[in-house]
Amino acid sequence: MLAILDYKAGNQTSVLRALRSLGIEAEITADPGAILAADGVIFPGVGAAGQAMGQLTSSGLDDVLRRVVSAEKPLLGICLGCQILLSHSEENDTDTLGILPGSCRMFQPEWTDGGRPIRIPHMGWNTLEHVRSSILFEGIDPASRFYFVHSYYTEPAPEYVIATCTYGTTFTAAYGRPGLWALQFHPEKSGRPGLRILTNFHNYCREA
Amino acid sequence: MTEPCHLAKRLIPCLDVRNGILTKGVRFEGNIDIGDPVETARRYYEEGADEIVFYDITASHEARGIFIDVVERVASNIFIPFSVGGGISSVEDMRAVLLAGAEKISINSAAVKDPLLISRGADAFGSQAVVVGMDVKQVPASDACPSGYEVVIHGGRRPMGIDAVAWAVRCQELGAGELCINSIDADGTCDGYELTLTRKICDAVNIPVIASGGAGKPQHLVDAVTDGGASAALVASIVHYGQYSIADLKAYMAGAGVAVRTI
């Protein structure tokens, strides 16, 4: 059983539907007991960092997430969840969870992609450059594209970077260490390669 | 050497749904039913569509529930983003389709009548969830419409006296995350997208722009995302009748040097 953290920030049901299509049992929950009893935790999110941090702290789920990590329970942050695992975000100048070192910065409109100024948000399908291997990407064609939608990007400490993506700048698309991963793109909306990532995460959770 | 384009240009099939059935407008004949929207969406997903748009053209209030059910079934069967338009005129309408599993909502006439609906949607769900669709018609340039393109509503029957480029900029300021520009003049002609209009709007905003209306052959898609500057191209007839598959169109675009996602 996987727990999908419910903190009123967006796309929890998309993640649940994707897991169900794979035959993976999961529930959307804000109950600390259920979260800490799950085989693994998914921390999704869409929206603004300030508002999301407010929801997490007022519900006490920020502490639950820290306990998940200190108990070495597998955790997967997605999109906004990926961003607020770091220490700080330029979005609303927000201090975030600080579970891993790094910060989150804003795309600059004067940067270019394909010789033209970038449009913000970075919305659509982009490729990854793999910096180090991760079991999360096992069995996935390295040329696969993944679906992104975000206006801020993460800069974690370099030793955690798994894959980068280029749009105006080269930024981190996936980072973490075994058992604690964060993805800027949406695996639940990235077709087959994205679903494979969710399967790989679930397999890791079952073996952990 | 020019810098390569990393972000892929998107190809987005648009499905019109009436009373829960996929339908297609045929000139002078009204709408004909052409299939099951969930099966069709699933097929386009398997063929490599980057996103799917559903448009509810149901007239009656009662059929709205059927449409929401379609959205839920689609969300359990395709794992790419999809957006939903038609019949959305309040934050509550938006919430209903987003909860049913759509990533984005698309508003058109309702935004023209009540521009702050864009801001209310963006505040509630984030800009990335709010697409503003615009129906646009070419007119002689005037003080009211200096660009020579005017916003129309009700399928083009009602001119609004609003300049299309100025409206696009306003939509961005109000919090739209993306624009879908539909040329009433090009729609249904199969002669290609309205590239001048698309380019004017792409140059005026820095959010993604989807070109809509007029696709009849693969080169038209290439033109929309190169000369037109669009981030994505919407397609309907060109794929609905089996003339081209999504994969055919993607292969053509890739061959023309456009960055596309292939599966």
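This report walks through the two chains, where they touch, and a few local details.

## Ground rules

The model is predicted, with local features needing pLDDT of at least 70 and side-chain atom pairs counting only at pLDDT 80 or more, while totals for chains, interfaces and linings use all residues. Residues are numbered from 1 along each chain as its sequence is written, and chains are lettered from A and ligands numbered from 1 in the order in which they are written.

## Chain A at a glance

Chain A has six helices and 16 strands (DSSP runs numbered from the N terminus: H or I of at least four residues for helices, E of at least two for strands). Its radius of gyration is 16 Å, close to the 17 Å that the globule rule gives for 208 residues, so chain A is as compact as a globular protein of that length. That radius is taken over C-alpha atoms, and the rule is 2.2 Å times the number of residues to the power 0.38. Along the principal axes, the C-alpha trace spans about 50 × 40 × 30 Å.

Of the 208 residues in chain A, 54% are buried. Here a residue is buried if 20 or more other C-beta atoms lie within 10 Å of its own, exposed if 12 or fewer, and partly exposed in between, with C-beta atoms placed from the backbone. Take the contacts in chain A between residues at least 6 apart in sequence: 67% of them join residues at least 24 apart. A contact means that the C-beta atoms of two residues, placed from the backbone, lie within 7 Å.

## Chain B at a glance

Chain B comes with ten helices and twelve strands. For its 263 residues, a compact globule would have a radius of gyration near 18 Å, and the 17 Å of chain B agrees with that. Its C-alpha atoms fill a box of roughly 45 × 45 × 40 Å along the principal axes.

Buried residues account for 53% of the 263 in chain B. Among its contacts between residues at least 6 apart in sequence, 62% link residues at least 24 apart.

## Where the chains meet

Chain A puts 33 residues into the contact and chain B puts in 26. On the chain A side, the elements giving two or more residues are α1 (12–21), β8 (112–113), β10 (122–127), β12 (145–150), β14 (161–167) and α6 (191–207). The top contributor on that side is β10(A), with six residues. By class, the chain A side has twelve nonpolar, 14 polar and seven charged residues. Ala, Val, Leu, Ile, Met, Phe, Trp, Tyr, Cys and Pro count as nonpolar, Asp, Glu, Lys and Arg as charged, and the others, Gly among them, as polar.

Helix α1(A) deserves a look of its own. Seven of its ten residues are buried, so α1(A) is largely enclosed by the rest of the structure. Those buried residues are A:Gln12, A:Ser14, A:Val15, A:Leu16, A:Arg17, A:Ala18 and A:Leu19. Their cover includes β1 (2–5), β2 (26–29), β3 (40–43) and α6 of chain A, together with α2 of chain B. Just after α1(A), A:Gly23 has a positive phi of about 75°.

## Two helix pairs in chain B

First up are α1 (residues 37–47) and α2 (residues 64–75) of chain B, whose axes come within 9 Å and cross at roughly 30°. Axes are lines fitted to C-alpha atoms, for helices over the stretch in contact, and angles run from 0 to 180 degrees between N-to-C directions. α1(B) and α2(B) are therefore roughly parallel to each other (under 35 degrees; over 145 is roughly antiparallel, 65 to 115 roughly perpendicular and the rest oblique). The contact uses B:Pro37, B:Val38 and B:Ala41 of α1(B), plus B:Val70, B:Arg73 and B:Val74 of α2(B). That makes five nonpolar, no polar and one charged residues.

Then there are α8 (residues 218–225) and α10 (residues 246–255) of chain B, packed at about 55° with their axes 9 Å apart. That angle makes α8(B) oblique to α10(B). B:Pro218, B:Leu221 and B:Val222 of α8(B) meet B:Leu249, B:Tyr252 and B:Met253 of α10(B). By class, this contact has six nonpolar, no polar and no charged residues.

A cis peptide bond joins A:Ile120 and A:Pro121, with omega about 10°. A:Pro121 sits in the loop between β9 (116–117) and β10 of chain A.

In the loop between β5 (88–89) and β6 (94–95) of chain A you'll find A:Asn92, which has a positive phi of about 55° although it is not a glycine. A:Asn92 counts as exposed, with 12 C-beta neighbours inside 10 Å. A:Asp93 is in the loop between β5 and β6 too, and has a positive phi of about 45° without being a glycine. A:Asp93 is exposed, with 9 other C-beta atoms within 10 Å.
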